[in-house]
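Welcome to this short tour!

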Amino acid sequence: MTDPVFQRCIHPHCGGTLAVDDTSFRCPQCDGLLDVAYDWDRLRPPASLRDFEAKWANRSDPLCFSGVWRFRELLPFAPPDKILTIGEGQTILQKADAVAKYVGLNPGRLFLQYEGLNPSGSFKDNGMTAAFTHARLTGARRAACASTGNTSASLAVFCSASSLMKAIVFIGSGKIAYGKLAQALDHGALTVQIAGDFDDAMQRVQQVSRKLGIYLVNSVNPFRLEGQKTIMYRVLEALRWEPPDWIVVPGGNLGNVSAFGKAFMELADLGLLKRLPRLAVINAAGANTFHMLYERHNLRWNVGRPDSGVSEGYFRKLSEEGVRAATIASAIEINHPVNLTKALRALDRCGGVVREATDQDMLDAKAQVGAGGLGCEPASAASVAGARKLRQEGVIGVDERVVCILTGHQLKDPTATVAYHSTDQRTFDEVLGSRGVRRAAFANRAVQVPNNLDDIIKAIEVYS
């Protein structure tokens, strides 16, 4: 390509390219995934990561206010006047000593990157502002996604806030938390509920988008992942540009780990980062494709030539046996992750590992996160549950610095939270017991008392 920004096949042996404005999002030669690629010699990357700190002073500029576009020199695919932002990325990295104790780390060594503070309540807004900006560049009038909830909420927010496009979201039957469905409905998205799960919805939305020329915003879209790279820039910034030892992230469609890997690879190639953190991806045990392929079947990046027979055989077995993803962590309830090969590349470059966490593990970890001051949805807590498991295995050292990504707000799935803390055994059994959860070891149950002043005071004195 002659342009300084273009799309390139992720497989080094292929070399297929597309123009920056192409929306097919598949390599024209091998049908592989694409990266947004930059000819850095013709662009102006920063000389130092510390250069970004000066932008904090310019809070009246929407692009400097955004936690994504503040770093636009590292994702320079759109001119400033074409960027669409709604103030995404105003998130925090919080030291969490109470959670560190639960995980098994020394004080001051565990940090929680809380993406629930985004406008739609999840990390998806980081990617959506980038995808939406690209969609605007291409003149799109409709944008679609398949979703377990967070992507649809984010797309609906961006469409309603800008009035530039109509949002179309595909969801599976009974496969979306009400907190997320409410957002898609309230923000005016056309919601198409199909008989099936996320994997079915993902297949259909790609077919429909190709047939009708609708812009696809799922993470197979490489511009989505450009926005999600910035989560790592904010983590590094909060740590004074010193990388942690570990980044631990929930694994669903594997977009985040792919984006994080690309962020670190680019920073290293530009000479802006001398050491890369290790990456740990945590699947839900009920949707553990990546864990099975990576840890059990030894599937690897293999210099861009992963053994497709291993993954194809695994997916064929899932289909033949009728295995569907099933977990309380609806945001990562995915059996066919579209970013599998990108995730393999990220783990190869960053020395990664993959683990799985049961619904019990995640809900207990979620309760500990909540008790420490940050509320997260069940899928977010996979990162903390996974860090605890890796610490117990001795993979993570007691004094290593660990960042767990909390991907979504607590109110994304209040049903699971209330059921965990409920005194009503029937509610617990219906919502959680059916998922294999047997106990609520860290429940904060309501105290029931008569409507009598003395009894109320006595209860407060006993329990507080």
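Start by selecting threonine 417 and lysine 366: their side chains are joined by a polar contact of 2.6 Å (a pair of N or O atoms within 3.5 Å; within protein, one must be able to donate a hydrogen and the other to accept it, and residues adjacent in sequence count only if both atoms are side-chain atoms). This is a predicted model, where local features need pLDDT of at least 70, side-chain atom pairs count only at pLDDT 80 or more, and totals for chains, interfaces and linings use all residues. Residues are numbered from 1 along each chain as its sequence is written, and side-chain values use heavy atoms, leaving out hydrogens and water.

Threonine 417 lies in helix H15, residues 414–421 (helices are DSSP runs of H or I with at least four residues, strands are runs of E with at least two, and both are numbered from the N terminus). Is threonine 417 buried or exposed? Its relative accessibility is 13%, so threonine 417 counts as buried (buried means under 20% relative accessible area, exposed over 50%, partly exposed in between, with a 1.4 Å probe and protein chains only).

Next, select arginine 8 in strand E1, residues 5–9. Arginine 8 is partly exposed, at 37% relative accessible area. Show aspartate 199 too: its C-alpha atom is 26 Å from that of arginine 8, and the two residues are 191 residues apart along the chain.

Finally, colour H9 (residues 255–269) and H12 (residues 340–350), which pack at an angle of about 45 degrees with axes 8 Å apart (axes are lines fitted to C-alpha atoms, for helices over the stretch in contact, and angles run from 0 to 180 degrees between N-to-C directions).
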